[in-house]
Amino acid sequence: MAGPLEIIHGVLLDERTWLDAQELRSLCRLSPESLTEMVEEGLLRPIGAMPQHWRFPSSDLARLRRAIRLQRDLGVNPAGAALALDLIEEVERLRARLRILEREMLGNS
Amino acid sequence: MQYKDYYKILGIPRDATKEQIKRAYRKLARKYHPDVSKEPDAEARFKEVNEAHEVLHDPEKRAAYDRLGSGWQAGEEFRPPPGAGTRFYHFEGGPDLGGGNFSDFFEALFGGGLRSGAESMRTRAMDQTARVQIGLEDSYTGGSRTLQLDMPELDDQGRLHSRRKTLRVQIPQGVTEGQQIRLAGQGGTGVGGRAGDLYLEIQFTPHRLYRADGRDVHMTLPVSPWEAALGAMVSVPTLGGPVSLKVPAGSQSGRKLRLKGRGLPGSPPGDQYVTLQIVLPPADTEAVQKAFRDLARVAAFDPRRDSETDHGRTS
């Protein structure tokens, strides 16, 4: 390989960057109907009342891709994927808290 | 290459029905799906299970696999029969999370198969997700990291390969656990050289001192009994370097102190929480033992006064 590698700058998917419905659908190759269903199931929480005004925090992109994988690989419907995602995120939060509490209980020894 | 026993991977007999295959696959997928599972080898296991299902749920691919015969042992050295891998098979979906590729064995048998009706494979499968481990310090300072990833690639003949790819990626300052970075056009290469996107999911390597919770950083700080009792200025490590912390007089073990803005950077930046842990000096000399006895006499202190019950009373 010749020379040092060029540094690639990506986009951090957090709450500071926003996507509209069209951008989100094209990144996930999702139909308008499927996206609407995901919103109706509470899987995604855009701001804006009408679909043409929807804006999604870019962290929803990671959430949506995960939901699509769960539907494809586990055969769950959008409502099931929404439930699984909520529970997975809750478990992740609890695990993080548990790691901190375990550390506090046991000290640094 | 090594022979793979797809029936064994799914835990089903060779004459399993379609329904049995589906049930076995769903059960294992729930157990090992990288989005759900915390099993240490989840990604590798899911990839295996997915591959077994990809072959066995499709009558055409299953028949081709069955034609190899049942005399093989898993892991046995395998040489594909002439003509294998030249047919075109239909693929419904591809792996995304979990390394994003099939085994050599699979590729030798079915690798030629992405041409007919495999639009979903060409598009969806070429977006890739990979987990990367970075240190908390990497998030604090930002900076670039070099990563090596296996990436699926379709060649001009529509055959699926995987290729090791080296990338140097900018780690955004203040990135937190579980957040993702999207790298446009850095995923797998599809038909016609069209590249998918790469999503990197951030995980922190366990740190000797710190635990992160979002942008907040937690740590436990050992203090001596006299520092806790009398108060003290102590030096505390933070991601940005040591700072002075005032331990208030009369602190007990478990007291939590906050260093505002000393966590991971952002707007607002996270805080560092310091939990005090009182550590006793070893009473292994006469002088220290005497000091403790003196303390016992002058402090007249019973730590169990409030927790005593009739049942537990000993004197």
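Reader: Let me start with one residue: where does A:Arg29 lie?

Author: A:Arg29 sits in the loop between H1 and helix H2 (32-40) of chain A. Helices (H or I, at least four residues) and strands (E, at least two) are DSSP runs, numbered from the N terminus. Please keep in mind that this is a predicted model, where local features need pLDDT of at least 70 and side-chain atom pairs count only at pLDDT 80 or more, while totals for chains, interfaces and linings use all residues. Residues are numbered from 1 along each chain as its sequence is written, and chains are lettered from A and ligands numbered from 1 in the order in which they are written.

Reader: What is the phi of A:Arg29?

Author: Most residues other than glycine have a negative phi, and most peptide bonds are trans. In A:Arg29, phi is near 50°, a positive value in a residue other than glycine. B:Ala300, in the segment after helix H9 (286-299) of chain B, also has a positive phi, near 45°. As for the peptide bond, a cis one joins B:Ser267 and B:Pro268, with omega about 0°. B:Pro268 belongs to the loop between S10 and S11 of chain B.

Reader: Now for helix packing. At what angle do the axes of H2(B) and H3(B) cross?

Author: Two packed helices are described by the angle between their axes and the distance between the axes. Axes here are lines fitted to C-alpha atoms, for helices over the stretch in contact, and angles run from 0 to 180 degrees between N-to-C directions. Helix H2 (residues 18-32) and helix H3 (residues 42-56) of chain B have axes that come within 9 Å and cross at roughly 165°. That makes H2(B) roughly antiparallel to H3(B); angles under 35 degrees count as roughly parallel, over 145 as roughly antiparallel, 65 to 115 as roughly perpendicular and the rest as oblique.

Reader: Which residues of H2(B) and H3(B) make the contact?

Author: Two residues are in contact if their C-beta atoms, placed from the backbone, lie within 7 Å. H2(B) brings B:Ile21, B:Tyr25, B:Leu28, B:Ala29 and B:Tyr32, while H3(B) brings residues including B:Phe46, B:Val49 and B:Leu56. By class, this contact of H2(B) with H3(B) has nine nonpolar, one polar and one charged residues. In that scheme, Ala, Val, Leu, Ile, Met, Phe, Trp, Tyr, Cys and Pro count as nonpolar, Asp, Glu, Lys and Arg as charged, and the others, Gly among them, as polar.

Reader: How do H1(A) and H3(A) stand to each other, oblique or roughly parallel?

Author: The axes of helix H1 (residues 21-28) of chain A and H3(A) come within 11 Å and cross at roughly 40°. H1(A) and H3(A) are therefore oblique to each other. A:Leu24, A:Leu27 and A:Cys28 in H1(A) meet A:Leu61, A:Leu64, A:Arg65 and A:Ile68 in H3(A).

Reader: And sheets: which strands stand at the edges in chain B?

Author: Strands of a sheet pair through backbone hydrogen bonds, either parallel or antiparallel. Two strands pair if DSSP finds at least two bridges between them. In chain B, four strands form an open sheet in the order S6-S7-S11-S10, with mixed pairing. Strand S6 (211-213) and strand S10 (256-259) stand at the edges with a single partner strand each, so one side of each is left without a neighbour in the sheet. S10(B) runs antiparallel to strand S11 (residues 272-278), joined by four bridges; B:Arg258 has B:Tyr273 as its bridge partner in S11(B).

Reader: Finally, how many residues of chain A are in contact with chain B?

Author: 30 residues of chain A are in contact with 37 residues of chain B. By class, the side of chain A that touches chain B has 12 nonpolar, five polar and 13 charged residues. Strands take part too: three bridges join S2(A) to strand S4 (residues 180-183) of chain B, and the two run antiparallel. A:Val11 stands opposite B:Arg182 in S4(B). H4(A) lies across S6, strand S7 (216-223) and S11 of chain B, at about 140° to S6(B).
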